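Good morning, everyone. Please look at the screen, and we will go through some rings and a strand.

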Amino acid sequence: MFTENDVKQVLVIGIAGGLAQLLSKKLNTRFPNAKITGVDSRTTPKPKDIQNLSCLTLKYSRTEFEKLFRKNKFDVVFHLGRLSHAQPILPMNLAQKIEFTLVETQKLFDICKTFQVKKIIFLSSFHVYGANADNPVFLTEDAPLRASIDFGNLREVVEIDFTATNWMWKYQNEIQMNVFRPCNIIGHHIKNAVTTYLTTKYSPYPIDYNPSFQFIHEDDMANILVRAILEVPTGVYNLAPDEFISIRRALQICKNGGPPVPLFLATAFASLLKKWYSALPEYFLEYLKYPCLIDNQLIKTHLKGPLFFHTTEETLKAL
Amino acid sequence: MLDQLKFLLEHLKPNPKKFDEIYAELHQGYHPRKDPWGLNLKKHRTCFELIWPLYQYYFRVKFHHPEHIENKPYLIIANHSGQIAIDALLVMAAFLFEKHPPRVVRAMIDRFLPKLPFVGELVSEIGSVLGERQNCLHLLDHKETVLVFPEGVTGIAKPSNKFYTLQKFTTGFFRMAAQKEVEVLPLAIVGAEEFYPHVAHFPKIAKALGLPAFPVTPTFPWLGPLGILPLPSPVDIYVGKPYAFPKTLKSDAPDKDIQKHVTKLKKQIQKMIDEGLKQKRNYFGEVERVHRKRR
């Protein structure tokens, strides 16, 4: 573990995202003397309320990253940049997506090692476990990653998790790294599939399945990421509060339940549904049918004290 | 005639006071939104209010030796019979209606059930949980009483010539009980095999349809959904003495050590079944004069 004084320069990849901006704000409060650099392939105006943050628009390539790392001596790197399924920004097919995400991520990790970064924090997702009828409650970190068995477009999510964890264990003696698999992150700044589903007026209201969901507030998520720098040792961690809620109840709280839909029919017509309701990725229907609840015991062994300051109901009401 | 019908309906209606008492106690133990498997006490009540007349008047369930049950969690094991898991529902109902304090028995269910639309949700709401080792251990951690059928599908989906003959017991349940130091409570269910007295099985059709079994009876599938209606065979549930395993036995002990205890339990249940068959009631509720010979 390194100390507070070692955190002098931080790189946040994917700064255009809501969580990354929130994280930068919290980093600025927690480490007021640290210089924060945010990069994204999208143009991002610098948020006015974060003093030590500088934002750069950067093509995610080895050359560009190497240039950046030569100019700066980063101590901590947050990798929050992923291709969104809910709001695709780049017209890519699956093969291109996998190529882009995997190759570029691998290169980035190698650069971090070359330039002696002290810690990498990589954000994966609970989606990697897959929503399966035979999922136990709760899924621990060593559960098999089965998301891509039924849905090819989740292959990139699973493979990037594999790449990150493999790389982490290979170089565990040289560089500290955390791979986080958070449950559904929701909040005002977040634009992911589940937030879109919950906040859209005509979201299908499932009548034949009602699995439990876990939601983490964006604020709590950002706080955990900041604390992870100094408090969480190398490893893979699930992130979820103790609370869970059925998806129907969540929709009722958000007051956005649309037409009642039997999901077994919706699954059969998923491709048609996608045309009508493009914000809903096909795989998401599976998460509305079967539970994918994750276990949070491991992270609690390292992060003592309260972790979740927002109840699920509060979080959903505020959406 | 109308008076008779009114009398019958009055009797079929469950006693709301009794249900109020049961659920007032259950609500103390279960927070409405604290069950990750989806138990919903409101729906549980609705469901068991519907089951009660069937339990009382259709299957005329008798719950023998409830005095063996103490106020603590158990891992219940029982023989599985009757082609569809009505026996599990009747055991759940017995622990709700016949024993104080009432408890929600968490039945472990087969993997294909949660996949079924509507059905998957309903079985979760009444407290059933996917038969997965991790789920069972979690439930035992939470001091819940869990119901396991160690014969699995091979037990429930038996052809007529194997009725009341216990099939191979899996050993996982015993390892879990040993790991969590929970006593095993053996039950014998007599009468459920006669729900569908003549059954043949077609494993190839079951495999093609993605089902664990495909039973064919004189009424199913010929009469469609109506053919599923079970015959009103009276059911006797015998509660055995809890099985206290040696404290020195570890959950990861070699198979032969575990198997020894599982075989003992299997023999205990088979003995209880054989004893129960001597007192078995026929469809009219009378004890059968000719003892059935176990085939």
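Which residue lies over the face of A:F31? A:R30 does, at 4.8 Å from the ring centre. Keep in mind that this is a predicted model.

Now, ring against ring. A search of the whole structure finds 26 aromatic pairs over all chains. Take one of them: A:F109 and A:W167. Their centres are 5.3 Å apart, and their planes make 40 degrees, a tilted pair. A:F109 sits in helix α3 of chain A, and A:W167 sits in helix α4 of chain A. So the pair ties together parts that are 58 residues apart in sequence. Buried or exposed? A:F109 is buried, at 0% relative accessible area. A:W167 is buried too, at 3%.

Next, chain B. The rings of B:F174 and B:Y243 have centres 6.0 Å apart. Their planes stand at 70 degrees, so this pair is edge-to-face. B:F174 belongs to helix α8 of chain B, while B:Y243 is in the loop between β9 and α10 of chain B. That pair therefore links parts 69 residues apart in sequence. Both residues, B:F174 and B:Y243, are buried. There is also an aromatic cluster, made of B:F19, B:Y23, B:F48, B:Y55 and B:F97.

Last, strand β9 of chain B, residues 236-239. Which strands are joined to β9(B)? Strand β1 of chain B runs parallel to it, with three bridges. There, B:H64 has B:Y238 as its bridge partner. Strand β6 of chain B runs antiparallel to β9(B), with four bridges. Here B:V190 partners B:D236.

Where do the side chains go? In a regular strand, they alternate between the two faces of the sheet. In β9(B), B:D236 and B:Y238 point one way, and B:I237 and B:V239 the other. All four are buried.

Technical notes: Residues are numbered from 1 along each chain as its sequence is written. Chains are lettered from A and ligands numbered from 1 in the order in which they are written. This is a predicted model: local features need pLDDT of at least 70, side-chain atom pairs count only at pLDDT 80 or more; totals for chains, interfaces and linings use all residues. Side-chain values use heavy atoms; hydrogens and water are left out. Buried means under 20% relative accessible area, exposed over 50%, partly exposed in between (1.4 Å probe, protein chains only). Helices (H or I, at least four residues) and strands (E, at least two) are DSSP runs, numbered from the N terminus. Two strands pair if DSSP finds at least two bridges between them. Rings of Phe, Tyr and Trp (its six-membered ring) pair if their centres lie within 6.5 Å; planes under 30 degrees apart count as stacked, over 60 as edge-to-face and the rest as tilted. A charge sits over a ring if NZ of Lys or CZ of Arg is within 6 Å of the ring centre and within 35 degrees of the ring normal.
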